[in-house]
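Here is a protein to look over. Some questions about its sheet and its metal site follow, with the reasoning behind each answer.

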Amino acid sequence: MAWYPGATKMELQPESDAQEAIQPTQFIMHSIAAPWTPRRTYEYWRDSTNLESHFAIGYDGSIAQFIGTQTRADANYLANRRPDGTGAVSVETAANTQNSDAWTAEQIEELIKLGVWLHERHGLPLRICRTASDPGYGYHRLHPDWSMGGTACPGAARIVQFHEVVFPGIVARANGEPNPDNGSEENDVPNTLGRYDATDRPLAPGAWKTLDVEGIDLLTGARAYTAAVLLTLRAPAGGTVQGRFYHLRRDGTRWTSGVVERLTTAGDSFPDFAHAGSIRPEEKLRFEVAYWPADKADTTPLTITTSRARGLYWK
Ligand SMILES: [Zn+2]
């Protein structure tokens, strides 16, 4: 069993002794839809449910651990413990009852510190989980297998913070990069990618289309980046939306990221797609999207009503 030295230990029994061992390979972040201290979250796990997370972080950055990180905790459905014995470490964070508020600066700092410790202690790779079982970092909504029937957790504002601040912060600190406010070189300070486009864009079924978010080239001149595309779209429920990033080289060839898949829901759908990695300055970062309706005979295009591209990049 491993206990994070930065947290107050509030061991949860009988789960801590009774639940199976895991080899932790992922870190999944949650919001608990309640403005609770870690102590209150502990009491909730102890008294009101047989579910639990490994950690909880309050609004003020106070942090407690309930279960050792090499023991299964039940917050992430199929990722709690997979048949091969690997599983996810989970953290619940205080939130308003709608899970609609942003993480406080104190919560972000603790998420980064805990994320770095998991990299150092358990060897979690510094990447965003590309699939539900891929080792790395993520948030509850990222992969459908991590929840029963889907979830919006940890909320849209925090998903943007994950991509813009929390995950890049873990990578930077784990690599020993200086703090930007320590008077570091200009090169170490990341630049911000922030694009927003509310033009209605139709997307016909069955073919990849490069997305225009104030232009199709999301980045050029960068050496590394973390980026997310967040869409609002209208389509019949039960369809599939796929997305992937690609690097267009000067000679016209390209490198493509893995495909991420999202389901459409009744009313507006809010799929999100993320990637982080290195790129050559002469390459152009673009994103493409494809739509597969629930009814294969349906030829009606879906409508993308809002497109956002958010991220950080280093020149
Ligand atoms: Zn959650």
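Q: What makes the six strands an open sheet, and in which order do they lie?
A: In this predicted model, the order is E1-E4-E3-E5-E2-E6, with mixed pairing. Strands are DSSP runs of E with at least two residues, and helices are runs of H or I with at least four, numbered from the N terminus. Two strands pair if DSSP finds at least two bridges between them. E1 (8-9) and E6 (136-139) stand at the edges with a single partner strand each, so one side of each has no neighbour in the sheet.

Q: How do you know that E1 and E4 pair?
A: Two bridges join E1 to E4 (residues 63-65), in the parallel sense. The definition asks for at least two bridges, so they count as paired. Lys9 stands opposite Gln65 in E4.

Q: Which residues coordinate the zinc ion?
A: His30 (ND1), His140 (ND1) and Cys153 (SG) do, at 2.0 to 2.3 Å. Donors are N, O and S atoms within 2.8 Å of the metal (3.2 Å for Na, K and Ca), and water is not among the atoms, so sites may look incomplete. Along the chain the donors follow H-x109-H-x12-C. His30 lies in strand E2 and His140 in the loop between E6 and H4, 110 residues apart.

Q: Why is His30 called buried?
A: Its relative accessibility is 1%, so His30 counts as buried. Buried means under 20% relative accessible area, exposed over 50%, partly exposed in between (1.4 Å probe, protein chains only). His140, at 9%, is buried too.

Q: What are the ground rules for this model?
A: Local features need pLDDT of at least 70, side-chain atom pairs count only at pLDDT 80 or more, and totals for chains, interfaces and linings use all residues. Residues are numbered from 1 along each chain as its sequence is written, and side-chain values use heavy atoms, leaving out hydrogens and water.
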